[in-house]
Amino acid sequence: MDKNTIVRPQDDLFLYVNGQTLEKLEIPADRPTAGGFAELAEDVRKTMMEDFFAFKDGKKEIPDEYVRKAVKIFEKTLDVKRRNAEGLAPVEPDLEHILALNSVDDLNRGAKEFALDGFNLPVDCGIETDMKHTERRLFAISGPGLFLPDTTYYAEGHPAGAQMLAVYRQMATMLLDKTNLDDAKKAEILEGAFRFDASLAKIEKSREEWSEYTKAYNPYPLNKVAKALLPFDFKGFLASFYGDRLPEIIMVADPRFLKGFQGAFNESTFADFRGWMYLKKLLSAAPYLSQELREIGGIFSKAIMGIAELESIEKQAYGLASGAFSEPVGVYYGRTYFGEEAKKDVVNMVKQIIATYKKRIAANTFLSPKTKKKAIRKLSTMKIKMGYPDKIDPRYDLYEVNDEDSLFIALRKISRIHTLDDFGKLYVPTDRERWAMPGHLVNACYDPSNNDITFPAAILQKPFYSLKQKKEENLGGIGAVIGHEISHAFDNNGAQMDEYGNLNNWWTKEDFAQFNKLTKKMIKVFDGIPFAGGKVNGKLVVSENIADNGGMAVTLEIMSHKKNADYVAYFENWARIWCQKAKPEYQQLLLTMDVHSPAPLRANITPRSFPEWYKTFKVTPKDGMYLKPSARVTIW
């Protein structure tokens, strides 16, 4: 690949490797980014869309009943003529149902059906793994979410907050104008909805707070939660699902929300809540109705991401089909496009990285022998999920797609089955075999409650990985990503969970104090860096930066044992996987809510803590990619 001949790697590795590519890249009108992950995802989507059209037209045999049902969703989405003719009709009964609510008692009587049919309640409910006893589950509650992406947007002085709220209001007004409500009722709904949303913004968590996910573990007695949620009949809601067998403990993800709930939701604010509930239902339905309503419903997302147009109906069709049947579609992708030779090679790489990680832990200078032993045990029990699962969740057997149903109703029925199945698992042991990601997703993850790493088939391609690439390139690509995911077991959140995924302090007091010092040092490396008209929040992104740091450390260790290792190829491919061109609006959005640092910073800052970087490119204090030794940090 052509290198940037103007920028030196010693000054800006990201631009040196990606500069010419970035100049040629054009961000599509329907996407906020181009390059890197986005291009791989687009390639996968293109391949799979071709297959779905072939399935639809009878040119390719549909592999199983799951994919057959997914194809029906695909066809319903493509039937724009029907969607346009139906207009608002599919969601009108839901909207009328909301307007018929005159009191909290009315809401309480219908709460179960509202939850199953995707209506927004004043509190968000679901089933979560018990962080301290990961073999079981707990009923969990949190705030119901906001109109804007984060609480910080509502703070006075936020550069985009007032503007985005105005865009949201414009979109909501245009959608309300498509209903048959009179002007007075539309104004009542609109103003009430925004008042209720503003009250939620004062009591919900920010993205920075959510980034410390272990702090979401707050088990409360049922009676205490039920009392705090009055006048919402939480006990009655639970009884509608579980009868007399009510859960004794409720997981409260956000105690501040619970404390402030009654100030936001009560009889005197019920009309505001009803307006909020109406508007949320209208907005959530819009993408699945007519093209006109879909376009109006996309105004806010276009503005906040800086995109000019919504994705095509064809792309929407594939997205909805592959989303509703994500696991079966992922299995199809894996079986069709993922080679066993590649799978075997990458699994061997994972095993090598884990073995090297163990050696690094054993040689660690700040851990005591006791803590080292437990860290190595955690690595030894870590499970690898590579490509796609061997079996499909039986929940998908329950999904039905009827010809007579509109797209909106078909998707709602699927969602209802999913919610009912989710709630039904409260007293069922957790399934450690479940996959966190489908095979056709270009991504990877570590699941702290399962202590496993998942690498979907779709990410195992160039530039991350190829059997035709140098080993050094693969180590700088998928190898560093593998090391990154493993490192999440020892980031500021994962480090608090043991080999079984349980929230459990397995550290000595002195060791954890030293780890926290290094974590704060990592925060300082990134905190306040100017980017896209804003500044990086070092605390928000620290877990991912610890993981990047660990992924590079362990793969450089492997490189050190390779004769005549090509470090230039390693570092260049590391920078290449983060190649990204993004709309300014989207970059600003990510600065607020993404736990990952901006891609150029991931490429440029991570190498600066390692001696191999300075030796490979002869980096000196005069160069832009230099970091003084006292600021460098290597944790794992």
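**Cores and salt bridges in a predicted model**

Leaving out residues up to four places away in sequence, Phe-52 touches Ala-70, Val-71, Phe-74, Tyr-318, Ala-321 and Val-329, where contact means heavy atoms within 4.5 Å. This is a predicted model, in which local features need pLDDT of at least 70 and side-chain atom pairs count only at pLDDT 80 or more, while totals for chains, interfaces and linings use all residues. Residues are numbered from 1 along each chain as its sequence is written, and side-chain values use heavy atoms, with hydrogens and water left out.

Phe-52 is also one of the residues with the most contacts inside the largest nonpolar core, together with Ile-73, Phe-325 and Trp-636, and this core has 123 residues. Its largest share, 9 residues, is contributed by helix 18 (residues 340-362). Apart from it lies another core, of 80 residues, which includes Met-164, Val-252, Phe-257 and Tyr-278. A nonpolar core here is a set of buried Ala, Val, Leu, Ile, Met, Phe, Trp, Tyr and Cys residues joined through side-chain atoms within 4.5 Å; buried means under 20% relative accessible area, exposed over 50%, and partly exposed in between (1.4 Å probe, protein chains only).

Thr-430 sits in the loop between helix 20 (407-423) and strand 7 (445-447), with helices (H or I, at least four residues) and strands (E, at least two) taken as DSSP runs numbered from the N terminus. Thr-430 is buried, at a relative accessible area of 17%, and a polar atom of its side chain lies 2.6 Å from the backbone oxygen of Thr-134. Beyond its neighbours within four places in sequence, Thr-430 is in contact with Thr-129, Thr-134, Glu-135, Arg-136 and Arg-137.

Across the whole structure a search finds 43 salt bridges, each being a side-chain nitrogen of Lys or Arg within 4 Å of a carboxyl oxygen of Asp or Glu. In another of these, Lys-178 and Glu-292 meet at 2.7 Å, N to O; because Lys-178 lies in the loop between helix 7 (161-176) and helix 8 (183-201) and Glu-292 in helix 14 (residues 291-297), the pair ties together parts that are 114 residues apart in sequence. Lys-178 is partly exposed at 39% relative accessibility, as is Glu-292 at 44%.

Methods: Polar contact = N/O pair within 3.5 Å; in protein donor to acceptor, adjacent residues only side chain to side chain.
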